[in-house]
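Me: I am new to this structure and want to know what stands behind the terms used for it. Please set each value against its definition.

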Amino acid sequence: MMIGTRPLINNFPRGDLRAFIQLLRPHGCPPLLLGARNKDTAMIDLYTWTTPNGRKISIALEEMGLDYNVHPIDIGKDEQFSPNFLAISPNNKIPAIVDHDHGVSVFESGAILIHLAEKTGQFLPKAPNDRAKVLEWLSWQMAGFGPMLGQLNHFMNRADEKLPLAIQRFFDESVRLYKVLDKQLAGHEYVAGAYSIADMAIYPWSVVALGPIQGGSGESFEHVAAWHERMAARPAVAAGMKIPATS
Ligand SMILES: N[C@@H](CCC(=O)N[C@@H](CS)C(=O)NCC(=O)O)C(=O)O
């Protein structure tokens with residue numbers, strides 16, 4: 001085996017959502033105001049961290065032109081286990097949003113992307129066939145690409161005990177998934193045809209893992225690399241990838 005580069009609020013209880021958010025603020029979830037955004041008028045609170053799953057949502061919010069406040073949840077300090085955060089994200093994971101416009105909170109990045117796309121009527125086609133393609137690739141990311149890369153990162157870089165079988169299993173599966181993505185992008189400018197929430201979901205993972213996967217496998221995923229360039233050139237993608245700032 002050659003593995004080269006190492007670097008590798010469901011609905012709130014009915015009631016006053018804003019009052020609940022005010023409750024969060026003294027408990028380690030302070031809002032971080034972005035630029036000229038107004039915390040009193042922003043319709044969306046985003047709870048996130050500096051990871052690919054979080055950045056899917058900041059990219060989407062930027063692309064959709066939605067006004068939002070960022071609440072960093074430092075998962076390195078276990079802030080995802082605070083009771084106030086668990087009230088909106090019971091699976092103790094970022095990202096999560098509160099959409100005051102609709103009085104709803106949403107966790108799971110795929111569900112959040114669909115919610116935002118349906119709310120704004122952007123990046124998720126209405127025509128059934130086109131919509132199915134976007135949901136296919138979004139599901140591919142949620143069920144395969146993200147989890148496999150996440151497990152690979154865990155077993156290669158984080159686990160105290162290095163388990164060759166686990167590393168091999170998740171590495172091989174990651175390479176296979178990149179092959180699938182590269183083939184799809186050979187024939188499409190964006191993953192599911194027109195630019196969509198599927199691209200927003202896949203890109204933050206793909207961009208961090210491409211180098212190590214290519215280096216470790218000796219494969220070259222040129223169509224993925226070209227798509228990365230198209231993605232990085234979008235101002236909203238560049239902005240979303242910086243949220244929250246790494247300080
Ligand atoms: N399927 C979830 C995965 C979210 C996820 O894994 N979040 C990680 C950071 S990228 C997290 O919050 N981990 C903290 C923990 O597991 O305690 C989604 O897509 O929203």
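Reply: A residue is near a molecule or strand if its C-beta atom, placed from the backbone, lies within 6 Å of it. The residues around the ligand are Thr 51, Asn 53, Ile 75, Gln 80, Asn 92, Lys 93, Ile 94, Pro 95, Glu 108 and Ser 109. This is a predicted model, in which local features need pLDDT of at least 70 and side-chain atom pairs count only at pLDDT 80 or more, while totals for chains, interfaces and linings use all residues. Residues are numbered from 1 along each chain as its sequence is written.

Me: How do you know how the shell around the ligand divides into nonpolar, polar and charged residues?

Reply: Ala, Val, Leu, Ile, Met, Phe, Trp, Tyr, Cys and Pro count as nonpolar, Asp, Glu, Lys and Arg as charged, and the others, Gly among them, as polar. The shell then has three nonpolar, five polar and two charged residues.

Me: What makes strand S2 mostly covered?

Reply: A residue is buried with 20 or more other C-beta atoms within 10 Å of its own, exposed with 12 or fewer, and partly exposed in between. In S2 (residues 68-72), five of five residues are buried. Strands (E, at least two residues) and helices (H or I, at least four) are DSSP runs, numbered from the N terminus. Tyr 68, Val 70 and Pro 72 point one way from S2, and Asn 69 and His 71 the other way. In a regular strand the side chains alternate between the two faces of the sheet.

Me: How do you know that S1 and S2 pair?

Reply: Pairing needs at least two DSSP bridges between two strands. S1 (residues 44-48) and S2 have five bridges, in the parallel sense. Tyr 47 stands opposite His 71 in S2.

Me: Why is helix H7 called largely enclosed?

Reply: Of its 21 residues, 15 are buried, so H7 is largely enclosed by the rest of the structure. A kink of about 45° lies at Ala 209 in H7, shortly before Pro 212.

Conventions: Bend = angle between axes of the 7 residues up to and from the residue.
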